Amino acid sequence: MLKTRDDLIQLRSACMEAAAAETQKILICAGTGCIAGGSLELYARLQELMAERGIACSVKLDNTPHQHVGLKKSGCHGFCEMGVLVRIEPQGWLYTKVKLEDCEEIIDKTILKGEHIPRLAYTKDDIIFQKQDEIPFYNRQTRLVLDHCGHIDATSIREYLAVGGYTALEKALFEMDGEEVVREISDSNLRGRGGGGFPAGRKWGQVRRQAETTRYVVCNGDEGDPGAFMDRSIMEGDPHRMLEGMMIAAYACDAQEGYIYVRAEYPMAVERLRMAIAQAEELGLLGENILGSGFSFKLHINRGAGAFVCGEGSALTASIEGKRGMPRVKPPRTVEQGLFGKPTILNNVETFANVPLIVNKGADWFKSIGPDNSPGTKAFALTGNIENTGLIEVPMGTTLREIIFGVGGGMRGGTNFKAVQIGGPSGGCLTAEHLDLPLDFDSLKKAGAMIGSGGLVVMDDSTCMVEVARFFMNFTQNESCGKCVPCREGTRRMLEILERIVSGEGQEGDIDLLLELADTISNTALCGLGKTAAFPVVSTSKSVRDEYEAHIRDKRCPAGSCQKLKRYVIEAPLCKGCSKCARSCPVGAITGKIKEPFVISDACIKCGACVETCPFGAIKEA
Amino acid sequence: MSQSYDSRLVDDIIDGHGAAPTAVIAILQEVQEHYRYLPPEVFPQLSRRVGVSEASVYSVATFYENFSLEPKGKYVIKICDGTACHVRKSIPILERLRSDLGLSEKKSTTSDLLFTVETVSCLGACGLAPVVTVNDKVYPAMTPDKTSALLSQLKEDEANA
């Protein structure tokens, strides 16, 4: 139990010493992706092999440093495409796609002889990349918040201390008062990473100024946007960084208790956070009179129960209170009356994870990264039809082109870039004309999209944008809590229209009707979910209006993806073999003998001419 | 499910979380972890213990997608239909599973209470799309054929158990 600042400093240097004494380290990615690829089996096998070969191996940092090989389960490295990932230190090598049968070679060659195994290294265009930092996917990134992810044991507070963990908390507690912390965060212009981009410092300042003295800090870990997993990786890969951020927020605003709300779909994040909280409590970094500073803070974890709307502030606090997670009318805002009706700081995982960096290095340092109006970095989850799927972190203001074709390695299989969906169901679609748009809060807003939490789903020209809009509308419609009419009814009507468009039953005027509904919903819905529900439709109807028109007027899906618009067949029992269709076909795709059923070949261009000419209604869409 | 309702066990769960209205969700989660659904008996008991109306407890249970008032299968198979999985063709996997098990959108659990098939909007494992989970174990980069094979394996395990 640490009682004073000196106790913490001493423990930290002991941890640093122990970490430095490890002659070599094997870091096995234990993020959800790599675990699914078998990384835990790999870990067990490596441990077993080292025992067999009599190699001194430690799986935990302890107080007395010894010359051991450290075997660690790290957080997500982000390069999920290449999992299972194994990092070797001190060389900084990264082995990719490691299989159980590779373990022996890793021990015998790399650990015992210090030899590199080229076949396990990342290879691109015949270049073998030994070091992790040399791989284009990594060296084009600026990993600050994700710095530790993949480099330390995510399940150990000692490892976090060994890389300078909790120095920011220490600095805040003993060298700054609450007001100064708030000022530092305000000066840094850190904007909420959860989507809205509201300045965190302003929020904190407002909570600090409330007359009510019972206050809460709440972390929104309800990362529900499909295609986003930044927060998950931080919670799983570097949980202490986020806790430290929350503690600093609590200190800055004199809050006594904090809650972390994590989605139920992230069981491992819950487990790692529980572990991290228990470790911090054990050391006395959470609890009463922390390090003798007089500051006390307790943290709780709440698991979500599967409601996307709980990512909205007032719905989230209602859910923590044990109620239905339905948003309420604002004002009063969360900073005034949040959790249990008390002033509440509510930020998301990534925002809190930025806090220790800012406190340690200062607002000026933070502002030197990225553009003035949105400084710092942003983590993005890169998925879809892209070469390097995974988790990345780049300075705010990086262009889409750099992210997709630089870090992301371009399109998967060399297909053509069509669009990228940013910000999940509340975001928008950006097309080729936006490739040089800097990604920051304000530029995206101007382009009719939003950064959201940071999901980037890249789509090639085989993806139908109308179908994508339908998919998101279906999602939002499902997740609408039903409290306000515009969202509950409006999204349902929009979904119906989109469904009929993709099934080829769109009518003239549907686009205008969609836009009219969109306008009404955006202006009248109660919460962010409803207000932004129509964004994907609005943005796609602008950028690819011709695709909508093709669906509606020509009953054709230009991407060739909409099932219902895909194929025409002649139903044999109805066909009288009159050959009218064959004569109407512009490409000669219909053949057959007179008075026998005709058939449509693959040459069909789906123009629909035959359907119109058939007097018996025998030609149907399959 | 033949398992009978044990009010003492539920009492223990309530005590573990503290009988407060704020704990309703956590209590229901743990009850569901035990029974794999929320047995009807839980509502009056929880209402009495926690001091909120039965209707309120019920309203919470019906609001959140994770709660089920119907018994679920021993193996809950979830197909991720988040954007990334959707773009990489998760729906054919769902269709294959449903046809293999004789299930539909309406009927999500097999009559022998062995399998439940449902979709989930995103598991956050987008790098591995499309993803299927069986009782929270993640299976990456699935295809309809791989899913059928997985299903046969589960059935075999069950027969040998």
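**View 1. The loop of chain B that holds B:Pro130, and its cis peptide bond.** In this predicted model, B:Pro130 is found in the loop that joins strand S2 (115-120) to strand S3 (132-134) of chain B. The peptide bond leading from B:Ala129 into B:Pro130 is cis, with omega near -10 degrees. Most peptide bonds are trans. The C-alpha trace of chain B spans about 50 × 35 × 25 Å along its principal axes, and 39% of its 161 residues count as buried.

**View 2. The cis peptide bond at A:Pro332.** In chain A, the peptide bond from A:Pro331 to A:Pro332 is cis, and its omega is near 5 degrees. A:Pro332 has its place in the loop between helix H13 (313-320) and strand S11 (344-348) of chain A.

View 3. Most residues other than glycine have a negative phi. A:Lys97, although not a glycine, has a positive phi of about 45 degrees, and this residue lies in the loop between strand S5 (93-95) and helix H4 (103-113) of chain A. Phi of A:Asp254 is near 55 degrees, again a positive value in a residue other than glycine, and A:Asp254 is placed in the loop between helix H11 (239-252) and strand S9 (257-262) of chain A. With 15 C-beta neighbours inside 10 Å, A:Lys97 counts as partly exposed; A:Asp254, with 15 such neighbours inside 10 Å, likewise counts as partly exposed.

**View 4. The side of chain A that touches chain B.** Here 39 residues of chain A are in contact with 32 residues of chain B. The elements that give two or more residues to this side of chain A are helix H2 (32-36), strand S12 (377-384), strand S16 (455-460) and helix H18 (465-479), and H2(A) gives the most, with 4 residues. By residue class, the side of chain A that touches chain B divides into 16 nonpolar, 15 polar and 8 charged residues.

**View 5. The packing of H18(A) against H22(A).** The axes of H18(A) and H22(A) come within 9 Å and cross at roughly 170 degrees; because angles over 145 degrees count as roughly antiparallel, H18(A) is roughly antiparallel to H22(A). From H18(A) the contact is made by A:Met465, A:Val466, A:Val468, A:Ala469, A:Phe472 and A:Met473, and from H22(A) by A:Pro536, A:Val537 and A:Thr540. The residues of this contact divide into 8 nonpolar, 1 polar and no charged.

**View 6. Helix H20 of chain A and its two faces.** The 15 residues of H20(A) (510-524) should span 21 Å at 1.5 Å a residue, and the C-alpha atoms at its ends are 21 Å apart, which agrees. Buried in this helix are A:Leu514, A:Leu517, A:Ala518 and A:Ile521; seen down the axis of H20(A), its buried residues fall within an arc of 105 degrees, so they line one face of the helix. The face turned away from that buried side carries the exposed residues A:Asp512, A:Glu516, A:Asp519 and A:Asn523. The cover over the buried residues of H20(A) includes helix H19 (485-502), helix H21 (528-533) and helix H22 (535-543) of chain A.

**View 7. Helix H23 of chain A and the residue that follows.** In H23(A) (545-553), A:Glu547, A:Tyr548, A:Ala550, A:His551 and A:Ile552 are buried, and what covers the buried residues of this helix includes H18, H19, H20 and H22 of chain A. Just after H23(A), A:Lys555 takes a positive phi of about 50 degrees.

Technical notes. Residues are numbered from 1 along each chain as its sequence is written. Chains are lettered from A and ligands numbered from 1 in the order in which they are written. This is a predicted model: local features need pLDDT of at least 70, side-chain atom pairs count only at pLDDT 80 or more; totals for chains, interfaces and linings use all residues. The expected span of a helix is 1.5 Å times one less than its number of residues. A residue is buried if 20 or more other C-beta atoms lie within 10 Å of its own, exposed if 12 or fewer, and partly exposed in between; C-beta atoms are placed from the backbone. The arc is that of the directions from the helix axis to the C-beta atoms. Two residues are in contact if their C-beta atoms, placed from the backbone, lie within 7 Å. Ala, Val, Leu, Ile, Met, Phe, Trp, Tyr, Cys and Pro count as nonpolar, Asp, Glu, Lys and Arg as charged, and the others, Gly among them, as polar. Axes are lines fitted to C-alpha atoms, for helices over the stretch in contact, and angles run from 0 to 180 degrees between N-to-C directions. Angles under 35 degrees count as roughly parallel, over 145 as roughly antiparallel, 65 to 115 as roughly perpendicular and the rest as oblique.
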